[in-house]
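Here's a structure to look around in. Let's walk through a few of its details together, one stop at a time.

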Amino acid sequence: MKSSRLLSILLLLQTGGRMTAGRLAEELGVSVRTVYRDVESLHAAGVPLYGDAGHRGGYRLLPGHRTRLTGLFAPEAEALVLAGMPGAAEGLGLGPHFADAQLKLRAALPDALREHVDRLRARFHIDAPGWYDEDDETPFLPEVADAVRTGRVLEVRYRRWKEPTDVDRRLEPYGLVLKAGRWYLVAGPGPGPGPRTYRVDQILALTVTDEEAVIPEGFDLAAHWRAGRADFHRRLHQGDAVVRISPRGAARLTGAAARALAATGTAEPDGWTRATLPVESPQHAHDTFLGLGAEVEVLAPEDLRDRIAATVRTLADRYA
């Protein structure tokens, strides 16, 4: 829609300063020729926008000019409502501010759009934690979030899984990530190079210092998290197991195992399925397949099969 694109050009110039036609085209996903035509339309509408020629040139608005919006398109209002669910704001200590912002947004909408957004809000609810997960107690989350916002160094007492379990750390907060209902702090410097990730619910004590945190130039929190998540999944797959699994057992598989079953599974005459499933480690595979009980039979590797058989014999003797 051209009107939406013209508005986007104004907002980009208002927030980003001088921008070339090429940069505007890249941001908007259109051709440079389209940007030229849109700029001409803005000129014709009396918008105080002008361009500078040369290597450092580009389009910009006259100093002091501001675009004031009096309305939103329905999809934009929907996106704002659904992106701002209250759970995360409450955890960060921003619940009252979130409520005030939602109230102001609702009041600014036309009547028809306000009714539409109210119906939408009543139809969607986000509950991030899994069914078997209790809500994590994160008493220091508001303080951590405030340190992230203000760029202050943290001194924390942190509980980790290996010995010594309780350690003292000086952390320069780079950002917070909410993953599957759990908050993680990406921070440096820790022991070893690069930023590290800390579960906020494992912080035992915390002091916010007056020291200013220094974030590495060019650090991108979202890109860092995506790279870490991809590396995590790569390290999870350490081998494969060939199994026979019943329909009931197959229904209990999730994630990579379910995808592998769909990709490699072949039906057998008794209704079971033979498939090659990824395994994280011998111990993890042993525990996972034992959890499926009689609904799965491990065929290979031989050492995993023998390990499960030994456990089953021990259980049989114990309950005999």
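Is tyrosine 184 buried or exposed? This is a predicted model, and in it tyrosine 184 has a relative accessible area of 17%. Buried means under 20%, so tyrosine 184 is buried.

Now for its partner. The ring centres of tyrosine 184 and tryptophan 225 lie 5.6 Å apart, with the planes at 45°. Stacked needs planes under 30 degrees apart and edge-to-face needs over 60, so this pair is tilted. It ties together distant parts of the chain: tyrosine 184 sits in strand S5 (residues 182-188), while tryptophan 225 belongs to helix H9 (residues 221-236), 41 residues apart. Tryptophan 225 counts as buried too, with a relative accessibility of 18%.

Let's step back to the whole structure, where a search turns up three aromatic pairs. One of them joins tyrosine 158 and tyrosine 198, and it is edge-to-face, with 5.2 Å from centre to centre and 85° between the planes. This pair also links distant parts of the chain, since tyrosine 158 is in strand S3 (residues 152-159) and tyrosine 198 is in strand S6 (residues 196-199), 40 residues apart.

Next, have a look at the backbone. Between glycine 188 and proline 189 the peptide bond is cis, with omega near -5°. You'll find proline 189 in the loop between S5 and S6. Another cis peptide bond connects alanine 300 to proline 301, where omega is about 5°. Proline 301 is in the loop between strand S11 (296-300) and helix H13 (302-319).

How values were computed
Residues are numbered from 1 along each chain as its sequence is written. This is a predicted model: local features need pLDDT of at least 70, side-chain atom pairs count only at pLDDT 80 or more; totals for chains, interfaces and linings use all residues. Side-chain values use heavy atoms; hydrogens and water are left out. Rings of Phe, Tyr and Trp (its six-membered ring) pair if their centres lie within 6.5 Å; planes under 30 degrees apart count as stacked, over 60 as edge-to-face and the rest as tilted. Helices (H or I, at least four residues) and strands (E, at least two) are DSSP runs, numbered from the N terminus. Buried means under 20% relative accessible area, exposed over 50%, partly exposed in between (1.4 Å probe, protein chains only).
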